[in-house]
Amino acid sequence: MHCYRLLSIILCLQLLSSVKPFQSVSTDIKRPSPNYKNQDTRLLAENQKTSTDAPKRKRSIRSTSGKKKVGKDIKNPDAVETWRIYGVDVNPDSLGSIDEKVCDVHPEKSYMTASVLESLLKRLRIKTNDSKIGDMPPQLIDARVVRRSIDARRRRGSDPMFTYVVDVDITKGNASECRFIHQPGRMERMGESDAKVCVEKTSNKKEDGALPKVLIVGAGPAGLFCALSLTSAGFKPIILERGKPVEARGKSIGALIHRRRLDSESNFSFGEGGAGTWSDGKLTTRIGRNSEPVRFVLETLVKYGAPSRILVEGAPHLGTDNLVRLLRSMREDIRSQGGEIHFGCKASKFDIKGGMVTSVQTTSTDGNSLDEQESFDDLDAVVLATGHSARDVYEELAESGIELEAKGFAVGFRVEHPQSIINEIQYGADWGRQVRTNRKSTDQYNAKYFETYDTETNHSGTLPVPSYRLATNEAFDGETNRGAYSFCMCPGGQIVPSSTEENSLCINGMSFSNRDSLWANSACVVTVSADDPILEKYRISPGQLAGLEFQRDMERKAWEFGGGNYTCPVQRLTDFVDGKVSETVPASSYRLGVKSAACHDIYPKPVYNALRHAIINHFEKSMPGFLTDEALIHGVETRTSSPVRIARHPITLQAVGVDNMYPAGEGAGFAGGIVSAAVDGLAVADSIKSKFLGRESSDDVKTFSIGFDY
């Protein structure tokens, strides 16, 4: 018995001796932390504790991201790749005054100043070490600006900033060392660029050896870009334009402005270049700035004389003066490649037999280019690119049995503010005075406007003339919500008459390239759906044209409210929302005269109610100061888009039921603006080439051929 007890004691002692000191048996019981007297003592103890594991942790870091390991893991570390860096912000004071004309030559390099490079390196966390400011660091091979925009949102009172998107060339090894990680919208590795939209020249003869005969109706963006694409592939298209060439068109517009004489075929809406020629010349689009078709359109515009900076600016625009020059160059190029352009030639009748357009009858509108009537026969393809104001063409198509669809559109007014007020709203009192147009009188007026403020500023940077964009889907018309938005905003611009019919008045806005007028104007419009109750009384046969008749009626009322003779009815914005006629009105950019009128009574009540609700409850909240008695409503803006769409096949782009007719552009209901109309013209040209060349057409173009339902 004693032996067993002795043996048990010995075993217990051995077990106890094998237990390490301070080792807790239970994992549920926590040992209390030492009571350090101060923070420094605690940190020192923690550092001493971690130091025992340091060699092991160091080996782990070296094994995953050591410099020698990087070269072994990356194939071709010296290979060069391009990365696109977003969000490179630069304060205007760092840039000083920017000479836009200098930036027209290689803007991707001209905009790449020392301040931009410094901000880029900060964004990439690349230290310059001993490099001079403005010198490219050894980690990068090259850098160039691909886009520049202005961010004036003034978060927490911050300054407005120029925001750049920059492409950098860097070796794979350096990209890894600098920790470049592909993050869409922040930092993107760029792949090889896709093929251009244009097609190489090749044989396009029919079986009998003759060239396909393509007739294009309309010399707006859709028609011109369609023709350019076809001529590049060897086609010799014939363009019919009811208006005059851009030089003579300017004289017709001068006669309207100075002598109130309207040429119904050559005016602000009809003529070479379409309605966009006398506008702000905006090149923004919903298609996508980086899409290949859009880039092709912008590069083509530069080729024919547009300033190169439109390839870089975030919100590019041309202005009427630039559009006039480049249209002349386009015309000469089309003719030099065998294409024909007939001005003063209106398509008046389409002969359709067996599901094909066999001929197009035309009427001369100037008595010089052609006889009074002429017929174009034996047509292989007819492109309809007539624009949204060619109402007689819609009526002729309806009579010919072409399938038309009513679509949504928008109507409203032009709202004009002194540009200085928009400068203040968008940039604030401290930066609004820094807007420069390079027109002495305009800049002096802006400086005088801000003299009333006590705030002083030492800013050296300058800012471009600001614009704005407003929108809401909750504009209450008394029964339901409608959409309301600003449209075709023209900073530093003027309001012009865009009528095409006698005894009616509609207006539009335009700007020159410098945007140096004293005023800013924008359409403020309300949506009208295809089945809108306000169109009910206009649904005469054919019902698809109810929107056209509604537009006509509103334009006649505007003529009456203005007293005729192209005088524009106006109303202070504050009086408009109060529903009363203005006793006095401020100065206006509209050069044919204005008259105070009850503009709130022109449209049906649902349109007025919705616009009033949007101005008070949405526009003013988005832009405090927008609702002011210095703002002037001008009536009416009716032609934001076509109220009719010509039905076409989504793949072949041919009109439904007519195999050789191709509706294109804004007038056909498949675009909204200069760029999208041009892209749609390219898409149609691509389909025509596909048909006659016997090969697949580009999917890229068709994907971006879109229309809008407002």
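This is a predicted model. Select Ser359 and Asp351. Their side chains are joined by a polar contact of 2.6 Å. A polar contact of 3.4 Å links the side chain of Gln361 to that of Ser359.

Where does Ser359 sit? Colour residues 356-364: this is strand β9, and Ser359 lies in it. Ser359 counts as buried because its relative accessibility is 6%, under the 20% cut-off. Next, show what surrounds Ser359. Beyond its neighbours within four places in sequence, Ser359 is in contact with Lys349, Phe350 and Asp351, and also with Ser375, Phe376, Asp377 and Leu379.

Move to helix α11, residues 292-303. The helix has 12 residues. From first C-alpha to last, α11 reaches 16 Å, close to the 16 Å expected at 1.5 Å a residue. Which residues of α11 are buried? Select Glu292, Pro293, Val294, Phe296, Val297, Leu298, Thr300 and Leu301. Then click on Gly305, which follows α11 and has a positive phi, near 125°.

Last stop: the cysteines. How many disulfides are there? The count comes to 0. Select Cys490 and Cys488. The sulfur of Cys488 is the closest cysteine sulfur to that of Cys490, but at 4.2 Å it is too far for a bond, because a disulfide needs the sulfur atoms within 2.5 Å. Cys490 is buried, at 0% relative accessible area.

Finish on Cys568. Cys568 is in no disulfide either; its nearest cysteine sulfur belongs to Cys599, 7.2 Å away. Cys568 is buried, with a relative accessible area of 0%.

Methods: Residues are numbered from 1 along each chain as its sequence is written. This is a predicted model: local features need pLDDT of at least 70, side-chain atom pairs count only at pLDDT 80 or more; totals for chains, interfaces and linings use all residues. Side-chain values use heavy atoms; hydrogens and water are left out. Helices (H or I, at least four residues) and strands (E, at least two) are DSSP runs, numbered from the N terminus. Buried means under 20% relative accessible area, exposed over 50%, partly exposed in between (1.4 Å probe, protein chains only). A polar contact is a pair of N or O atoms within 3.5 Å; within protein, one must be able to donate a hydrogen and the other to accept it, and residues adjacent in sequence count only if both atoms are side-chain atoms. Contact means heavy atoms within 4.5 Å. The expected span of a helix is 1.5 Å times one less than its number of residues.
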